[in-house]
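Trainee: I'd like to learn how to read a model like this one, feature by feature. Can you take me through it?

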There are 2 protein chains.
Amino acid sequence: MSRPLTDDDLARFQAQLCDVAEVMFAERGAEQVSMRQIAAALGVSPMTPYRYFASRDDILVAVRIRGFERFTAALEQAYADTMGDAAAKAMAAGQAYIAFALGNANTYRLMFGQHQQEDGSDGPLGRAVARARATLSVYGDSLIGRGVAEAEARAMEGLIWSALHGAVTLELAGTTPPGSARETLGLLGRIGFRE
Amino acid sequence: MSRPLTDDDLARFQAQLCDVAEVMFAERGAEQVSMRQIAAALGVSPMTPYRYFASRDDILVAVRIRGFERFTAALEQAYADTMGDAAAKAMAAGQAYIAFALGNANTYRLMFGQHQQEDGSDGPLGRAVARARATLSVYGDSLIGRGVAEAEARAMEGLIWSALHGAVTLELAGTTPPGSARETLGLLGRIGFRE
DNA sequence: AGCGTAAATTTACAGCGTAAGCTGGCGGAG
DNA sequence: CTCCGCCAGCTTACGCTGTAAATTTACGCT
């Protein structure tokens, strides 16, 4: 063992731990995975991870960030790969949103699960969330480009985000039947506003 | 100690425990309340609650049901107390929805938190959820009465539910700023559908 | 070769949900 | 009235959790 812990080695171990934790969380849900289980999966003693993360919660935050990064990438790719006007691209992004949430149920739950959210927008988690949100706001941008007032466009964007999040959350909980989220997205595509 | 445990005494203890647990959950969040703490608050030994509930999860279910009952009552009252057409009543119900969720954050989180939802619609929990849903579906009913196809009306209803649930969930998590949910509801009131 | 240091391990503690064994006192039978 | 069975409630105990503290281990440097 070399005496100081290189920043690089530190990052390498953190990344490796996140790799392992990510799949364990995805398989069983973060609640069902203990520190000791993660350490065992890594082949180290139970306390070793504490040299690289301050607490279990720190690990959850790190994996949440990774989740947001994969999520954002999926949305951006769907948007980029789709041809047509802004509405068509937004629709593709919405489908990618639902596909990610339903296909990565435990990861999505970890990302948006009930936290006190001590983190405003400063930390890396806040930035990851902001980036995902920015991807979702492309539709709002297109509305603004078409002459809609900014506040109004942002509000519509918020409605779309709320509807998508609510739809997948309810479907993941089993409260609404399978397919409900996709149906809701279809309806979202036919929305107009009075006044 | 009378020998048999009267069904009535059993129900009385269960109700008393739920009373206590409900406020503890509301204050600190269900995760932060242990069996031992509930027992201590009741002035009984740690294992006594297990004579009345099979497990901690059973208590959570019971309190969740109570939450849904209060929730449903709030929606129904808002609907009944509001004069005007179906849209006005639906709007009042939406406001009541948001007020309940934001004003009973931990209870709402407990009600709609991430569960595997082993309970379909048979048990009492399923019925409590169904009743809350029925209250929300009054708007859909009014659409049907106005000639909209049933499937379409139910889908719109689902969109409204999703948007409300998503909006309050995101606001409770601190992801969206305070007031966002109310703003989203305002926008929902101005929705129309093309085609 | 031996020492200082820091990484890793082991040990330990308080708390959890809950299974299992124990106890005290009431209701009914003799 | 006495004694016995029963069972509500209590105490104890187990395996688990996250993690603080003490201990061991092994490298780089002198």
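Trainee: Let's start where the chains meet. How many residues does the contact take from chain B and from chain A?

Mentor: Keep in mind that this is a predicted model. Interfaces in general are often sized by the accessible area lost when the parts come together. Here we count residues instead: 34 come from chain B and 34 from chain A. On chain B, helix H5 (105-112), helix H8 (150-172), helix H9 (180-188) and strand E1 (191-193) each supply at least two residues of the side that touches chain A. H8(B) gives the largest share of that side, 12 residues.

Trainee: What kinds of residues make up the side of chain B that touches chain A?

Mentor: That side divides into 14 nonpolar, 15 polar and 5 charged residues.

Trainee: And how do I tell how the two copies are arranged?

Mentor: Two copies of a chain are related by a rotation about an axis and a shift along it.

Trainee: How does strand E1 (residues 191-193) of chain A run relative to E1(B), parallel or antiparallel?

Mentor: Antiparallel, with 3 bridges joining E1 of chain A to E1(B). For a landmark, find Phe193(A), which stands opposite Ile191(B).

Trainee: Which residues touch the most other members of the largest nonpolar core?

Mentor: The general idea first: in soluble globular proteins, nonpolar side chains tend to be buried together. The largest nonpolar core here has 92 residues, and Ala163(A), Leu164(A), Ala163(B) and Leu164(B) touch the most other members. Leaving out residues up to four places away in sequence, Ala163(B) touches Leu159(A), Ser162(A), Ala163(A) and Gly166(A), along with Thr184(B) and Leu188(B).

Trainee: What is the secondary structure of chain A?

Mentor: Chain A has 9 helices and 1 strand, and from the N terminus on its elements run α-α-α-α-α-α-α-α-α-β. Its C-alpha atoms fill a box of roughly 65 × 35 × 30 Å along the principal axes. Of the 195 residues in chain A, 33% are buried.

Trainee: Is Gln16(A) counted as buried or exposed?

Mentor: Gln16(A), found in helix H1 (residues 7-28) of chain A, counts as exposed because it has 12 C-beta neighbours inside 10 Å. Compare Arg127(A) in helix H6 (residues 124-136) of chain A: with 14 C-beta neighbours inside 10 Å, Arg127(A) counts as partly exposed.

Terms used: Residues are numbered from 1 along each chain as its sequence is written. Chains are lettered from A and ligands numbered from 1 in the order in which they are written. This is a predicted model: local features need pLDDT of at least 70, side-chain atom pairs count only at pLDDT 80 or more; totals for chains, interfaces and linings use all residues. Two residues are in contact if their C-beta atoms, placed from the backbone, lie within 7 Å. Helices (H or I, at least four residues) and strands (E, at least two) are DSSP runs, numbered from the N terminus. Ala, Val, Leu, Ile, Met, Phe, Trp, Tyr, Cys and Pro count as nonpolar, Asp, Glu, Lys and Arg as charged, and the others, Gly among them, as polar. Two strands pair if DSSP finds at least two bridges between them. A residue is buried if 20 or more other C-beta atoms lie within 10 Å of its own, exposed if 12 or fewer, and partly exposed in between; C-beta atoms are placed from the backbone. A nonpolar core is a set of buried Ala, Val, Leu, Ile, Met, Phe, Trp, Tyr and Cys residues joined through C-beta atoms within 7 Å.
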